[in-house]
Amino acid sequence: HFFEAMQLTAGHLFFKMVIDCRQENQSMILIEDGGYIACTVNRLCLENRSLRDAAQHLQFPLGQLTNEDPDQPFRHWISPVYIGSVEHTRNGFDALRKVEDEYGQLAFPASTIALSTFKSTIESRDVVYSCINAVESIMNGMGFSLSERYALVLGAQGTIGRRVMDVLSRRVGSDHLFGVDITFPPEPPAWTWAIEPAALMDDAMRRIDFIFGVTGVSVCKADWVEQLLLSTEKRHLFFASGSTKTAEFADLTD
């Protein structure tokens, strides 16, 4: 999967940078956009794992750790150069908070812009327009039109999800729009709402042909995907993720 592949890639680069900083007597800050490494680094240190354990966990070749004691604590090895991390996304923030809740602390400082006003208002608007534009461009290139779709949005009450619902309500119409979220809308929406995909009525399952996910986790489980395929009256189904990881459709991919 995308996340695991990128975690190993980022982990390799992280090790290389720590090695370089140790040799050059420099310091480093990890800037993340999705919680790939910082939570893992903190967890390995809080569990008192060795340098060998950390390298094996991130599949970094021990042979590149020349003149280093692989059995020394990983935290002892990175502490002279590693200052901490800065996280850009809510998913990454939540991953760090989970580590902090489990151990009562983090091993290194972690800052974030994930909850900033700019991130949650201005940038979220641009993210939505970018995603919808990409979806529509692909559809148009295949000879389809977004305006004819019956859309289901996963995570409809999140920061980005609310903006997706606003854009799609104007693009496809509220009568063609369905939202799934564990949080109930503050006011009765013009579109159809459900607490989970399985709670959607049969009529919705027959008509939905565009599923847009911004939850960061998979909520379309195998049995629901089977039900959708058995129920649909549509010839084509489109799935799109608002994140690079496409985590919303991990079960579908499997």
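A residue counts as buried under 20% relative accessible area, exposed over 50%, and partly exposed in between, using a 1.4 Å probe and protein chains only. Glu 148 sits in the loop between helix 6 (117-141) and strand 4 (151-154). Its C-alpha is 11 Å from that of Arg 207, although 59 residues separate Glu 148 and Arg 207 in sequence.

A word on the model: it is predicted, so local features need pLDDT of at least 70, side-chain atom pairs count only at pLDDT 80 or more, and totals for chains, interfaces and linings use all residues. Residues are numbered from 1 along each chain as its sequence is written, and side-chain values use heavy atoms, leaving out hydrogens and water.

**The chain as a whole**

Here are some overall values to keep at hand.

| Property | Value |
|---|---|
| Residues counted as buried | 41% of 254 residues |
| Accessible surface | about 13,500 Å² |
| Share of that surface from carbon and sulfur atoms | 51% |
| C-alpha box along the principal axes | roughly 65 × 35 × 35 Å |

The accessible areas come from the Shrake-Rupley method with a 1.4 Å probe. The chain has 10 helices and 8 strands; these are DSSP runs numbered from the N terminus, with helices (H or I) of at least four residues and strands (E) of at least two.

**Helix 1 and its cover**

Helix 1 (residues 2-24) has 23 residues and reaches 33 Å from its first C-alpha to its last, close to the 33 Å expected at 1.5 Å a residue. That expected span is 1.5 Å times one less than the number of residues. Buried in helix 1 are Gln 7, Gly 11, Phe 14, Phe 15, Val 18, Ile 19 and Cys 21. Their cover includes strand 1 (28-32), helix 2 (38-46), helix 3 (51-57), helix 4 (74-78) and strand 2 (82-87), where contact means heavy atoms within 4.5 Å. Just after helix 1, Asn 25 takes a positive phi of about 55°.

An open sheet of 3 strands runs in the order 1-2-3 with parallel pairing; two strands pair if DSSP finds at least two bridges between them. Strand 1 and strand 3 (110-112) each have a single partner strand, so one side of each is left without a neighbour in the sheet. The twist averages 20° from one strand to the next. Strand 2 and strand 3 pair over 3 bridges, and Glu 87 stands opposite Thr 112 in strand 3.

Helix 5 (residues 90-103) lies across strand 2 and strand 3, at about 130° to strand 2. Axes are lines fitted to C-alpha atoms, for helices over the stretch in contact, and angles run from 0 to 180 degrees between N-to-C directions.
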